[in-house]
Amino acid sequence: MITYTHPISQTWINDHLDLYNYALALGDKEWQQQILQTLGQFEHHLTKKTTHWLSYQKPSFSVFKRNQPST
C-alpha cells in the first residue's frame, strides 16, 4: 500500500505542489483548480501510476556478468 510517507508519494505530492505554485505565479486559475483536483484524488492517481511502474520489467544484466573477467 502506498502511504503519504512513501518516497514515491512524497515526490508526487511535492511535484504537484511545485506545479500549483507555478500556476499561482502565472495567475492561471483554471490550471490551479486542475492541480487541486488531481491532488484531491491523490490515491487514485498514484495507485494507477505505481501499478504501471511496478509492471515494468527490468532488463537482464546477465550479459554483463558473462563478459566480466574472472578473478
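The model is predicted: local features need pLDDT of at least 70 and side-chain atom pairs count only at pLDDT 80 or more, whereas totals for chains, interfaces and linings use all residues. Residues are numbered from 1 along each chain as its sequence is written, and side-chain values use heavy atoms, with hydrogens and water left out.

**Chain overview**

- The chain has four helices and zero strands, and its pattern along the sequence is α-α-α-α; helices (H or I, at least four residues) and strands (E, at least two) are DSSP runs, numbered from the N terminus.
- Among the 71 residues of the chain, 17% are buried, where buried means under 20% relative accessible area, exposed over 50% and partly exposed in between (1.4 Å probe, protein chains only).
- The accessible surface is about 6,200 Å², and carbon and sulfur atoms hold 57% of it; areas come from the Shrake-Rupley method with a 1.4 Å probe, and for residues only the protein chains shown count as cover.
- Of the contacts in the chain with a separation of 6 or more, 47% join residues 24 or more positions apart, a contact being heavy atoms within 4.5 Å.

**Helix 1**

- The 20 residues of helix 1 reach 29 Å from first C-alpha to last, close to the 28 Å expected at 1.5 Å a residue; the expected span is 1.5 Å times one less than the number of residues.
- Ser9, Trp12, Ile13, His16, Tyr20 and Ala23 are the buried residues of helix 1.
- These residues lie on the same side of helix 1 because they cover an arc of only 95° around the axis, the arc being that of the directions from the helix axis to the C-beta atoms.
- Pro7, Asp18, Ala25 and Leu26 are exposed residues on the face of helix 1 turned away from its buried side.
- His16 belongs to helix 1 and counts as buried because its relative accessibility is 15%.
- Beyond its neighbours within four places in sequence, His16 is in contact with Ile35, Thr38 and Leu39.

**From helix 1 to helix 2**

- Gly27 follows helix 1 and has a positive phi, near 80°.
- Asp28 sits in the loop between helix 1 (7-26) and helix 2, and it is partly exposed because its relative accessibility is 33%.
- At the start of helix 2, a side-chain oxygen of Asp28 comes within 3.4 Å of the backbone nitrogen of Glu30.

**Helix 2**

- Helix 2 has 12 residues, which at 1.5 Å a residue should span 16 Å; the end C-alpha atoms are 16 Å apart, so the two values agree.
- Gln32 is part of helix 2 (residues 29-40) and counts as buried because its relative accessibility is 6%.
- Not counting residues up to four places away in sequence, Gln32 touches Tyr20, Ala23, Leu24 and Gly27.
- Thr38 also lies in helix 2 and is partly exposed, with a relative accessible area of 21%.
- The C-alpha atoms of Thr38 and Ile13 are 9.9 Å apart in space, while the two residues are 25 apart in sequence.

**Aromatic pairs**

- The structure contains two aromatic pairs.
- One of them joins Tyr22 and Trp31, and it is edge-to-face because the ring centres are 6.0 Å apart and the planes stand at 85°.
- For such pairs, rings of Phe, Tyr and Trp (its six-membered ring) must have centres within 6.5 Å; planes under 30 degrees apart count as stacked, over 60 as edge-to-face and the rest as tilted.
- Both members are partly exposed: Tyr22 has a relative accessible area of 49%, and Trp31 has one of 24%.

Notes: A polar contact is a pair of N or O atoms within 3.5 Å; within protein, one must be able to donate a hydrogen and the other to accept it, and residues adjacent in sequence count only if both atoms are side-chain atoms.
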